[in-house]
Amino acid sequence: MVNYLNKTIQPGDNPDLTEERATATFNTNDMAAQIYGAEKRARRRREITAKIATMPELHDSKPYPFMTREEKILESARKLTILTEKMSEIIDPTDAAELYHLNNEVLGLEGNPMALHGVMFIPALSAQASDEQQAKWLTRAVKREIIGTYAQTELGHGTNLQNLETTATYDVATQEFVLHTPQITALKWWPGNLGKSSNYAVVVAHMIIKGKNYGPHPFMVQLRDEKTHAPLPGVTVGDIGPKMAYNIVDNGFLGFNQYRIPRTNLLMRHTKVEPDGTYIKPPHAKINYSAMVHVRSYMLTGQAIMLAMSLTIATRYSSVRRQGQIDKNQPEVKVLEYQTQQHRLFPSIARAYAFQFAGAETVKLYERVLREMKDGNVSLMADLHALTSGLKSVVTYQTGEGIEQARMACGGHGYSMASYISEIYGVAIGGCTYEGENMVMLLQLARYLVKSAALIKSGQSSQLGPLVAYLGAKSEATSLIDRVPNSGFTEYVKTFQHIARKQTLKAAEKFFGLMERGEKREIAWNKSSVELNRASRLHTRLFIVEAFVRRVNEVGDLTIKEALTDLLHLHVNYELLDCATYALEDGFLSSTQLDYIRDQVYLYLGKIRPNAVSLCDAWEFSDIELRSVLGRRDGHVYQNLFEWAKSSPLNKTDVLPSVNQYLKPMMEKARQGSKL
């Protein structure tokens with residue numbers, strides 16, 4: 001038997017797909033180790049997948065698209081309960097990466113009754129609860145004795161935390177906080193698993209002591225009786241209804257009517273309130289942002305995975321779908337042979353890798369901030385908050401674009417739920433809004449950039465943070481792309497730096513100028529906001545490029561390095577082409593250089609073509625995880641698409657009640673009329 005570099009090949013696969021995999025120039029297992037950060041992590045993913053394959057009780061009882069919402073929730077809870085009992089047989093429960101993969105395989109992207117428990121509730125307690133509070137609550141949460149969520153967003157306010165309306169008023173006499181929802185817009189609205197699953201929540205409310213408002217703070221709040229699961233007196237809670245996707249998760253509403261909790265339910269690792277009402281403030285204004293920064297850091301790799309899933313489906317399907325002829329004397333070709341299809345898919349494959357590597361770098365930075373926070377050092381929090389704000393916005397938007405392109409690349413079958421791409425899109429695109437609406441996120445980064453521009457303007461460039469140090473550097477007169485031989489990616493990085501620097505300083509100067517001409521700061525900011533957001537996008541895209549370059553430079557295996565370098569070449573040329581206006585308007589790039597960049601895109605589409613399927617296979621998504629007929633590992637799409645369609649509940653009977661009750665009488669009546 002041939003020892004193929006692509007380790008997903010099996011006897012009996014669709015020969016068109018095997019043909020694609022046979023041209024791989026790298027070992028897909030080794031590439032998986034790069035994607036997931038270590039050989040051990042990639043190997044453990046394969047072991048977990050193999051174990052799950054032998055446990056039919058953890059498989060979907062029928063395809064999700066053929067289930068009602070209630071059936072999906074019940075199915076998810078069934079599997080979740082089995083997982084809780086058997087988890088230690090399958091994974092190390094303390095390993096977040098293994099738990100994430102297990103959940104994706106078994107429970108899937110549509111969520112589960114404890115989706116927010118692990119990604120928001122436990123991290124909030126870990127980061128913001130005192131040691132004593134963690135001993136009381138965190139242990140119970142980890143053991144799943146209780147189910148929790150994180151309740152911040154309200155019906156009337158989301159991103160604007162300072163205008164949240166839920167209040168927590170301190171009663172000195174009883175040493176209790178009184179939680180209250182003063183009006184309908186103050187209802188907590190959207191928190192995942194709040195509606196029906198959670199019996200506890202970390203609730204963010206404005207803390208009021210002796211008439212003074214100290215702003216939003218997190219409180220640990222019991223919502224439901226632990227035995228009956230009924231809402232406690234003073235608590236109004238429920239599900240907000242179906243959504244575009246992610247409907248296994250019971251996003252909820254929550255209101256309080258003078259609901260009392262002990263003083264010690266204020267999460268007190270960084271903020272404290274003494275029995276007499278004395279307020280001890282945190283050492284840093286943004287310290288309570290840690291839960292949001294945590295989610296944004298991990299969102300990047302989550303988005304990369306969803307983008308890679310959709311591209312795996314589309315690229316595999318494009319390898320078995322034959323349509324049309326390039327040469328009229330030859331048979332129909334795989335649609336992946338068309339340059340238009342390659343241009344639609346390959347730049348997004350490069351982005352998926354770029355987002356994964358940038359995300360991994362950001363997670364490491366977040367973990368460093370957490371370690372330093374425990375020692376009272378919060379100096380990096382503001383920098384990380386700004387960076388994750390920009391990354392969250394750019395990555396979620398471009399992921400949505402890429403998934404939708406993948407769906408359209410599958411033609412009509414991409415519109416079917418059998419592709420599952422529409423569900424992936426629906427889950428991923430929610431990321432443009434939750435944890436901070438994208439436009440607002442860009443403006444949060446813009447504030448950081450404007451402060452940096454102010455330092456440059458006042459001659460204090462030496463005080464710039466490491467992520468924005470390039471803003472204080474001088475640009476060369478013109479880009480040296482295609483001018484300096486063997487320069488690698490250096491000139492591309494310099495060009496991205498130039499356009500990000502120019503746009504940041506230009507937007508900041510517009511803002512400063514408006515204020516100098518008498519505009520109020522808020523008005524000047526609003527009038528500059530579109531240009532500021534453009535600066536934020538360029539700064540973020542620069543970081544992604546630099547993170548990609550850093551990661552490729554670290555790779556030792558020459559075959560892996562070559563394949564990733566091809567992707568990186570495609571990425572920098574495609575992204576720069578997309579941003580070219582900024583470099584053309586001041587002559588930094590010439591039209592001939594632009595032609596060179598465009599030709600490089602086409603060159604690397606061709607170079608990536610033999611590895612396209614293998615670059616997707618290296619993410620190692622099982623059929624159980626993909627839940628896609630079009631993206632099946634074996635490539636046998638058409639027969640399985642027919643079997644999938646036959647399993648539709650509508651096909652259980654030849655004649656539907658709607659026909660008997662309405663359509664048949666309508667047609668009979670029409671026929672009688674025709675006879676008359």
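Modeller: **Salt bridges in their setting**

The protein chain has 21 helices and 11 strands; helices (H or I, at least four residues) and strands (E, at least two) are DSSP runs, numbered from the N terminus. Please keep in mind that this is a predicted model, in which local features need pLDDT of at least 70 and side-chain atom pairs count only at pLDDT 80 or more, while totals for chains, interfaces and linings use all residues. Residues are numbered from 1 along each chain as its sequence is written, and side-chain values use heavy atoms, with hydrogens and water left out.

Let us begin with the whole chain. Along its principal axes, the C-alpha trace spans about 90 × 75 × 65 Å. Of the 676 residues, 54% are buried. Here buried means under 20% relative accessible area, exposed means over 50%, and partly exposed lies in between (1.4 Å probe, protein chains only).

Contacts tell us how the chain meets itself. Among those between residues at least 6 apart in sequence, 73% join residues at least 24 apart, where a contact means heavy atoms within 4.5 Å. The accessible surface of the protein chain comes to about 29600 Å², and 54% of this area belongs to carbon and sulfur atoms. Accessible areas come from the Shrake-Rupley method with a 1.4 Å probe; for residues, only the protein chains shown count as cover.

Now to the charges. The chain carries 78 positive and 72 negative side chains, and the centres of the two sets lie 3 Å apart. Lys and Arg count as positive and Asp and Glu as negative, while His and the chain ends are not counted; the place of a charge is taken as NZ of Lys, CZ of Arg, CG of Asp or CD of Glu.

A search of the whole structure finds 48 salt bridges, each being a side-chain nitrogen of Lys or Arg within 4 Å of a carboxyl oxygen of Asp or Glu. In one of them, the side chains of arginine 69 and aspartate 239 meet at 2.9 Å, N to O. This pair links distant parts of the chain, 170 residues apart: arginine 69 sits in helix H4 (residues 69–90) and aspartate 239 in strand E7 (residues 235–239). Arginine 69 counts as buried because its relative accessibility is 18%, whereas aspartate 239, at 23%, is partly exposed.

Another salt bridge joins glutamate 226 to arginine 140, at 2.7 Å from N to O. Here too the pair links distant parts of the chain, 86 residues apart, with glutamate 226 in the loop between strand E6 (212–222) and E7, and arginine 140 in helix H7 (residues 131–142). Glutamate 226 is partly exposed, with a relative accessible area of 37%, and arginine 140 is partly exposed at 24%.

The loop between E6 and E7 also holds histidine 229. Most residues other than glycine have a negative phi. Histidine 229 has a positive phi of about 70° although it is not a glycine, and with a relative accessible area of 28% this histidine is partly exposed. Histidine 229 is also one of the residues touched by serine 197, along with Pro113, Ile147 and Asp250, not counting residues up to four places away in sequence. Serine 197 lies in the loop between strand E4 (188–189) and strand E5 (200–209), and its relative accessibility of 15% makes it buried.

A salt bridge can also sit within a single helix. Arginine 534 and glutamate 531 meet through their side chains at 2.7 Å, N to O. Both lie in helix H14 (residues 521–554), 3 residues apart, about one turn of the helix. Arginine 534 is partly exposed, with a relative accessible area of 33%, while glutamate 531 is buried at 19%. Elsewhere, salt bridges that share partners join Asp13, Arg21, Arg316, Asp617 and Arg633 into one network.
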